[in-house]
Amino acid sequence: MTSVGTRTGLPEGATGLGHSGATRTAHRIFVVRELGILLALVLLITVTAVTNSRFLSSQSVKDLLLGSTILAILAVGQAIVIITRNVDLSVGSILGLSAFATGSLFLAAPAVPIPVALLVGAVLGATCGAVDGGLIAAARVPALVVTLGTLYVFRGLDYTVATGKQINAADMPVGFLRMGTATVLGVPVLTMFAAAIVVAAGFYLRSYRSGRELYAIGSDPDAARLSGIPVGRRVFAAFATSGALAGLAGVLYAARFGTLDANAGLGSELNVVAAVVVGGVAIFGGSGSVYGAALGAVLLTTIGAALPVLGINPFWQRAAVGALILAAIGLDRALAVRVAIRLKGRKARG
Amino acid sequence: MPEPMLALSGVSKSFGAVAALRDVHLELYAGEAHALVGENGAGKSTLVKVLAGVHTPDTGTMTLDGAPIAFSGPADARAAGIAVIYQEPTLFPDLSVAENIFMGRQPLRGLRRIDPGAMRRRATELFTRLGVHLDPDRPARGLSIADQQLVEIAKALSFEARILVMDEPTAALSGVEVDRLFSVARSLRDAGAVVLFISHRFDEVFALCQRITVMRDGAWVSTDAAKDLTVDQVVRRMVGREVSSLYPKQDTQPRDVLLDVRGLTSHGVFSDVSFTVRGGEIVALAGLVGAGRSEVVRAVFGIDRYDRGEVLVAGERLPPGSAAAAIAAGLALVPEDRRQQGLVMALSVERNATLARRWSLSHLGILRRAAERRDAGTWTRRLQVKAARLSDPVSTLSGGNQQKVVLAKWLSTKPRVLIADEPTRGIDVGTKAEVHRLLSQLAADGVAVLMVSSELPEVIGMADRVLVMHEGRLVREMERDRATEESVMFAATGHAGTGHGDAT
């Protein structure tokens, strides 16, 4: 805020007086949101580590990172969708479908290279996401309803393909399973993969026109249409991306757990939405970042790992997640009210 | 005569069975400011949306620089150099001012990345050209309407718009802000652009525009040079009939004090506001936008809380912060923003009209539909609401008719005190006169009317007394015969010391 001095030196009656305060507040909100999650994460880890030093052992950290990976990738896709004022409830089912498809692929052709498997998963997921996005854009039905429907459709497809079978780790190539647990310098390969996705998505949303248009659509869909933004196409792309990431996450799920049935990822969509909301992405779109969403995923996973270590009843784990969501929404609301009061005061003066 | 920059000929557009535009002709020449006037529902907004590429005309042709042109979407219109500033701002509240200006056209650097530095710099340059100071980094959320319009104008400048369409840009602006908007519009016009200006305020139309096109019922009526026209002629063409009088104020005898506001204070918003309104009286609350007028009436009505002071209705003290108590005591509020605060847009006309009386119309807690319908019928007839069916959603009505529904809703409660916040904002001349006649009639019947208005002719024409607010304080009180547009404006801009008004 280096220009505050010049700004307050404006002649009487000029607009812009008092704007710097609001700008500062806006910046602070951004910093507070992501920093707040990070702080909560550090606090949780510290308290848990003090109680039980083995919580920070390299194996336990590795487990934690691996555990967050899949949720974080899903959260990135979900954040992109929620930023456009939509929601994708079908991601858990897409993950399940893709995971089982990966297992089947390796059963049929064990020699398939890993990148091809990743590609197949992503394309399968993108196709599912395209179905979601197509229905939403063409039929103009709210995403909540469409993806609630496809949640069941994709899962049903999964059951039909699986027909009650289970694919075991023994049926999968060793190289593929090793990818699920391999580490470089103590950091799991899967986590690096997820981190790369987060950074790429964050970079895209921040620095590309079409990325900024996603925020514009979520901020005011009607205004976006009037500004000539291809709203339908962008929303379609957001859902295809979310689907592709869910498909990718399915492949990683197969690599990590090895044992697959039709229930992979069952119910994970609500976890994903929770991670995104806790991560500071506004549920009505227009603001938030994939970094926050990924941090939210790490935080939720850490809570899941830390509470048993702290000797807390698993029941409270769910309650803690619920409380966090309410706290995140409460924080958003409190900040909004503060900004409103600030602006109201300004209006009375001007 | 040179070739027109943009010409529409024989343009028609229908929505279902409703013909919104019928065989419209419009020619816009470089370097002119052109006014488009007509009652609400005359088709101006549809025409704007055709120019903006939002609607595709059913028939007719459009030419730009003599070449035929067709828009398949807003992006095409923009590419052709047409910028539209809508009545309702179309900014993205979560994004920064600079991003709002350059959305979709952000300056790029390597790898087709957005260049935030260049974007901020160019935004600052645009604001300097406009002679205003806005922080390009602040979010658009919380900007005043005037500042939002400046952002829209900066957007138009940023892509060198040759045709700037402004749809009632001054409806929510104060005098200073209107002047600034006009100086920008004039400089654009002098630089060879076309400014198409839509407004209900004739003084502004005549001050800015060289030519005036009148529309009525979706059809073109006339286009003439402004200097050959008078306000009366324009109004007659718009309504197609004589407007008897825009301000039919009846003289009435003030009766007992019905509303008594004493020392009302809300920290940081308004302070020490005291006034009375008698039965049979219309009192206008004037002032610039942001002076705190709406906030005062909201506090009086119990929507907002206040820190000090009291409100008495017919001598009885109202509990603060309770709109229910205010309604029970006989207060009625016609709010400033009828779309968001006055009506439930998705509900039917009759449901809206009876909303404030749903308890007295129900039996054992169950709303009786027949009673509701009968009651709504009575009031909508008295107010001459033009609706195809009373069961239609209120959102299908024109702005003027929506306002009549809001009035019907409150008048059916038989209020002792009616507070009307900007009762005629954005409604056409014919309906405006009807609303004025209605307010006058109510006062004659003994109702105490408190009217917040930003339109000085309305304030002067309608009020028995004028209260002027400036920066949260009541600075002047004037009787009807002493109030002039000049004296009210003087007080509203903070020059209260010049007169000898008896401010309370």
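How do α5(B) and α6(B) lie relative to each other: roughly parallel or roughly antiparallel? This is a predicted model, with local features needing pLDDT of at least 70, side-chain atom pairs counting only at pLDDT 80 or more, and totals for chains, interfaces and linings using all residues. Residues are numbered from 1 along each chain as its sequence is written, chains are lettered from A and ligands numbered from 1 in the order written, and side-chain values use heavy atoms, without hydrogens and water.

The axes of α5(B), residues 145-158, and α6(B), residues 175-190, come within 11 Å and cross at roughly 10°. The two helices are therefore roughly parallel, a term for angles under 35 degrees. On α5(B) the contact (heavy atoms within 4.5 Å) involves B:Ala146, B:Asp147, B:Leu150, B:Ile153 and B:Leu157. From α6(B) come B:Glu177, B:Arg180, B:Leu181, B:Val184 and B:Leu188. By class, that contact has seven nonpolar residues, three charged and no polar.

Now the strand. In β13(B), residues 257-266, eight of the ten residues are buried, so the strand is largely enclosed by the rest of the structure; buried is under 20% relative accessible area with a 1.4 Å probe, protein chains only.

Strand β13(B) pairs antiparallel with β14(B), residues 270-278, over six bridges; pairing takes at least two DSSP bridges. B:Asp260 sits opposite B:Thr276 of β14(B). Three residues separate the strands of this hairpin, where B:Gly268 has a positive phi near 80°.

β13(B) also runs antiparallel to β16(B), residues 308-313, joined by five bridges. There, B:Thr265 faces B:Arg308.

Methods: Buried < 20%, exposed > 50% of the residue type's maximum accessible area, 1.4 Å probe, protein only. Helix = DSSP H or I, 4+ residues; strand = E, 2+ residues; numbered from the N terminus. Axes fitted to C-alpha atoms, helices over the stretch in contact; angles between N-to-C directions. Parallel < 35°, antiparallel > 145°, perpendicular 65-115°, else oblique. Nonpolar A, V, L, I, M, F, W, Y, C, P; charged D, E, K, R; others polar.
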